[in-house]
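Q: Please show me the structure, and let us read it feature by feature.

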Amino acid sequence: MDNVIDRSNGFIRDELTGFYDLDSFKLVMKEHLDKIEGVETAAIVSTDIAHFERVNNLYTRKAANKLLRLLAKELFQNNFNGICYGRSVADHFLILVEDGRRDILEKRLQMFCDGFNYMIRDRYPDAAPRLGVGVYIIEDVEECCNEIVEKVNSARKKLRYVKQSNVAFYDEKRFKKAMHDREIEKHMVYALTHDEFKVYLQPKFRIEDKKLVGAEALARWVPDDGDMIYPDEFIPLFEENGMIQQMDFYVLDKVCKMIHNRLGSKKACIPISVNQSRVLLKSETYIDDISSVIKHYEIPSEFIELELTERIFEDAPEEISSIMWDVKKLGIHWSIDDFGSGYSSLNLFKSLPVDVIKLDKGFLDEAQISRTSKVIIRKTVELSRELDKKVVCEGVETEEQADYLKGINCDMAQGYFYARPMPMEQFERLLDISAS
Ligand code: C2E
Ligand code: CA
Ligand code: CA
C-alpha cells in the first residue's frame with residue numbers, strides 16, 4: 001500500500017483511495033469520539049470483499065485496484081452518516097459512522113452491500129467477488145481505539161460463517177474466545193520448545209483377565225505458571241495453524257524414546273497408540289517422517305499403533321487409504337478411533353488396513369447402555385472378530401459396562417473404570433508391576 005502524508009495535518013493517507021491509513025484513522029476516530037457527548041452512540045464498520053484474492057489473481061492488479069477505488073468512492077458517497085474513513089489493508093476499509101442505532105444501520109448497510117454487489121456482478125464473473133461488512137456499535141465513546149478496531153475486525157471475520165447476510169454484528173462471546181485462542185497461540189512455540197507439553201498414557205486392558213496390554217498417548221499442556229490445559233482446547237487451534245504436525249511428532253518421539261529406553265534396560269514393553277491428526281496425512285513427507293522416528297530409536301514397529309479418527313474418512317478416503325497401506329508396510333498397526341461416531345463405519349472394513357477398532361465412547365454415554373447401543377457394540381465385536389480385527393471399547397466408566405463387554409467377548413477396554421490417563425513415569429511403574 002503506497003501512502004502519502006497529508007501536508008495540512010501530518011496524517012497519512014493511502015494513495016489509492018485517499019482514505020487514512022490505520023494509525024491515522026485511529027487518531028482521527030479518537031478526535032471524533034471525543035466530540036460525541038452524552039448517551040449518543042457511534043458505530044464502526046469494516047469491509048471485506050469475499051474472493052478479492054481471486055480478482056487479484058484471475059484479473060490484473062490494476063483491475064483489483066479499480067474495484068477498491070470504486071468501493072472507496074461508493075462508501076464515501078453513502079448515506080449512512082460516515083464521518084471518517086480509513087483503509088487498514090487490501091479490501092478492509094474502516095468507516096466511523098455517527099449513528100449507532102442497530103436496526104437502522106443494519107438496513108442501510110444491507111442495502112449498500114446489495115447495491116454494490118449488483119453494480120459489480122458482471123465485471124469479474126470468474127472471481128465472483130461479494131462485499132460484506134462487519135459492524136461494532138461503540139457504546140462507550142471512551143473505549144480504546146485499538147480495541148474498537150479489533151472488535152470490528154472480529155465482526156468482519158464472522159462474515160465467513162454467516163452466508164445468508166452481508167452484514168455481521170460484533171459478538172462478545174466470539175471475541176473473548178478469539179482473544180483466549182490468541183493468548184494460547186502466542187504461548188505455543190515457547191511451550192513446545194520448553195517441554196511444557198507432557199505425554200500422558202491411558203492404559204488399555206484385556207477384558208478377559210484385566211491384563212495391561214496397551215496404552216494410548218494423550219497430550220497435556222502443563223504451563224510453568226498455570227493449570228493443565230486439555231487437548232480439546234489446543235488441538236483444534238494447532239490443526240488450524242499447522243502446529244499439529246510438530247505436536248503429533250513430539251508425542252510420537254516421546255513414546256518411541258520411552259520404548260527404546262525400556263527395551264535397552266530389558267524391561268517389558270506393550271504397544272502404545274498415538275493419535276494422528278488429519279493434517280499430518282497431507283504432508284508429502286509423512287511416511288518418511290514416521291519411518292525415520294522408528295529407525296532413529298531402533299524399535300520394532302509392532303510397538304507403535306497409530307490412531308485415526310473415523311471422521312477423517314469423510315473426505316478423500318482413497319488418498320488416506322493409500323497412505324495407510326504405505327505406513328502398514330513399515331509394520332505399524334492402524335487403529336480407527338471413535339468408531340461409530342461418523343457415517344462411514346462399515347465401508348472402512350473393506351479396503352483399509354485396519355488392525356484395531358476403537359468403539360466410540362458415545363455408545364456408553366447413558367447411565368444404562370441402551371438396547372440399540374448394546375446391539376451395535378455386540379455386532380461390531382462379532383464382525384471384527386470374523387475379520388481378524390481387535391476391538392477396544394473406549395470410555396468404560398462402570399463395572400456394569402465392563403461386565404457387559406466381558407459377556408460379549410470384547411477384546412480390550414479403556415476408561416476411567418480401569419485407569420485414567422497418567423504421567424509417563426506412573427505408567428511405567430504400572431507396567432513394571434504388571435509384568436513382574
Ligand atoms: P480420543 O482420542 O478419543 O481420546 C480419548 C479421550 O477420552 C481422552 O480425552 C481421555 O482422557 C478420555 N477418556 C478416557 N477414558 C474416559 C472415560 O472413561 N470417560 C470419559 N468421559 N472420558 C474418557 P483427552 O485426553 O482430553 O483427549 C481428547 C481428544 O484430543 C482425544 O480424543 C484426541 O482426539 C485428541 N488428542 C489428544 N492427544 C492428542 C495428540 O497428541 N494428537 C492429536 N492429534 N490429538 C490428540
Ligand atoms: Ca484416540
Ligand atoms: Ca476416541
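Q: How far apart are the calcium ion (ligand 3) and the calcium ion (ligand 2), and which residue coordinates both?

A: In this predicted model, the two ions lie 4.2 Å apart, and D337 coordinates both. Donors here are N, O and S atoms within 2.8 Å of the metal (3.2 Å for Na, K and Ca); water is not among the atoms, so sites may look incomplete.

Q: Are D337 and E394 buried or exposed?

A: Buried means under 20% relative accessible area, exposed over 50%, and partly exposed in between (1.4 Å probe, protein chains only). D337 has a relative accessible area of 7%, so it is buried. E394 also has 7%, so it is buried.

Q: What should I check in the backbone angles of E298?

A: Most residues other than glycine have a negative phi. E298 is not a glycine, yet its phi is positive, about 50 degrees. E298 lies in the loop between α10 (286-297) and β12 (304-309). Its relative accessibility is 65%, so E298 counts as exposed.

Q: Where is N409, and what is its phi?

A: N409 is in the loop between α14 (399-407) and β16 (412-414). Its phi is positive too, about 65 degrees, and N409 is not a glycine.

Q: Where is Y161, and how far is it from E394?

A: Y161 is in the loop between α5 (145-157) and β8 (167-169). At 56% relative accessible area, Y161 is exposed.

Q: How do I read the overall shape?

A: Start with the radius of gyration, taken over C-alpha atoms; the globule rule is 2.2 Å times the number of residues to the power 0.38. A compact globule of 436 residues would be near 22 Å, but the protein has 28 Å. Its C-alpha atoms fill a box of roughly 85 × 45 × 45 Å along the principal axes.

Q: What are the totals for secondary structure, burial and contacts?

A: The protein has 15 helices and 17 strands. Of its 436 residues, 50% count as buried. Contact means heavy atoms within 4.5 Å. Among contacts between residues at least 6 apart in sequence, 66% join residues at least 24 apart.

Q: Which conventions apply?

A: Residues are numbered from 1 along each chain as its sequence is written, and chains are lettered from A and ligands numbered from 1 in the order written. Local features need pLDDT of at least 70 and side-chain atom pairs pLDDT 80 or more, while totals for chains, interfaces and linings use all residues; side-chain values use heavy atoms, leaving out hydrogens and water.

Methods
Helices (H or I, at least four residues) and strands (E, at least two) are DSSP runs, numbered from the N terminus.
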